[in-house]
Amino acid sequence: MASPNALTSQSEDFPRWYQDVVAKAEMADNGPVRGTMVIRPYGYALWERIQAEMDARIKLAGAQNAYFPLFIPQEYFAREAEHVEGFSPELAVVTYAGGEELSEPVVVRPTSETVIGEFMAKWIQSHRDLPLLLNQWANVVRWELRPRLFLRSSEFLWQEGHTAHVSYEDAAAYAMRIHLEVYNDLLANVMAVPAYVGIKPPRERFAGAINSLTCEGMMRDGKALQMTTSHELGQNFARAFNIVYQNEAGQSELCYTTSWGASTRLVGGLIMAHGDDRGLVVPPRMAPIQAVIVAVRDDAEVLETCASLDAALRAAGVATTIDRGRGSFGRRITDWEIKGVPLRVEVGPRDLANGVVTVVRRDDGSKHTASLDQLAPRALELLEAMQQSLFENARIRRDAATADVTTVDEAIEAAQTGFARIAWDRIGEDGETRLNDLAVSVRCIQRADGTTPTSPDEPDLVAIVAKAY
RNA sequence: CGGGAAGUAGCGCAGCUUGGUUAGCGCGCCUGGUUUGGGACCAGGAGGCCGCGGGUUCAAAUCCCGCCUUCCCGACCA
């Protein structure tokens, strides 16, 4: 009775499994130019859910959306030394346009600190103009040598926030607020990803930042994925772009700026954080389709019941779709499982004879019976239970795959299958180099209680060490 | 960008070593019928610049050169 596998199993070949899921769940295709990505409707719907949840949180944090140009004068990048050094290897530069060689080449934005800095300088005059809290939804280009759908593409979609503040403390507090209230909240409560939160070790910082905050998720193969980053830029960009304000005493002062971003990589993280051998598993709060109503047979009475159940679920706020009974039952539900739809409501003659339907949870395969008039409340319960359970199980997996160790060698050993937690001061520059030589890195540094420190120099910090995507 | 592997129908592959009819197979797709509670079956059918460009040859999917793309492993990154 066992059906042939639709997908390569995770244990057999995890990268292959990932590609199979992306293709068979109809999420994305490779574009014609190396490293580019075509996002298909189902993949884009997942991104739109992330956007909607993220945008609401960003606005709650007080930032406003704006839009800056795709093309940036190359000269802007030269103004901040570390920034230009960090980004030049992956820049796409337009040198020829309008039928002729350009006198000054323009860069296709890999990130927008520079243009936005230029305009912040123009818009900010007084301390009364601060803080200036901006965000933009945009595409960016970073020429990638080793692309992978969603995880690393030469063009990707993201949001990038850019803010300016009167003081270091204000800027640092805002970066922390975004890190926790926007990013980690979205990861935990919507995407059901229990991230390790913390700061990047100095060598992993964003080019031009004085401190980078990160949320690191654990994928089901035990590797880490940096899911979001928030940067304290100090006065580096304010100095390069002359972002100054007059304080209450009438003196000119440099602003402190921040930037923070999250990209379509999150869709890849979602796939790898929850997916199983049957395909994607989408947390209910993330799901473009939360319940699929499957007509076991293509027959009038069944279809009529499907339509009324669909109406009832929609009225209760559940996103639904109906699978009319064409094609074999097994094939149809396999396809819905690959797409990770949280609930499957099976409607067949046997159910109708008893006045019930069968509801199946995607995450654990458990089957439940609901009477026809109680489906909506039952579905809401099951969706909520699944949401909680996905987070809880991911947390258990993460904790089980995180080893407490005391030496760099043990950390390297643990990183072969999962994460290692080790005192930050036990690593040192040489230790970090040894890790890096073996494709292992310090993913983040946190306090002993798991909270995010303000600097890598705080005492008694611990490092989370792993291999990463 | 360095090392390895591979590009033949939408997907997965055979054919290439030893050049020679009309380039095959499975899945998927289309039509009709029977089906439908875990990837259904029968019959009929459509679909190919054999990755691209050049070369060798009477003749190239097959041999040679260049390029592009994909996958794996490294260095870089959201």
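I take two strands as paired if DSSP finds at least two bridges between them, and I read helices (H or I, at least four residues) and strands (E, at least two) as DSSP runs, numbered from the N terminus. The model is a predicted one, in which local features need pLDDT of at least 70 and side-chain atom pairs count only at pLDDT 80 or more, while totals for chains, interfaces and linings use all residues. Residues are numbered from 1 along each chain as its sequence is written, chains are lettered from A and ligands numbered from 1 in the order in which they are written, and side-chain values use heavy atoms, with hydrogens and water left out.

Entry on the sheet. I found β5 joined to strand β6 (residues 100-108) by five bridges, the two running antiparallel, and I noted Val93 opposite Val107 in β6. The open sheet has three strands in the order β4-β6-β5, paired antiparallel. Because β4 (71-73) and β5 (92-97) are at the edges with a single partner strand each, one side of each has no neighbour in the sheet.

Entry on the helices. I looked up helix α9 (residues 300-315) against helix α12 (residues 375-400), and they pack at an angle of about 55 degrees with their axes 9 Å apart; the axes are lines fitted to C-alpha atoms, for helices over the stretch in contact, and angles run from 0 to 180 degrees between N-to-C directions. α9 is therefore oblique to α12 (under 35 degrees is roughly parallel, over 145 roughly antiparallel, 65 to 115 roughly perpendicular, and the rest oblique). Leu309, Ala312 and Leu313 of α9 make the contact with Leu375, Ala376 and Ala379 of α12, contact meaning heavy atoms within 4.5 Å.
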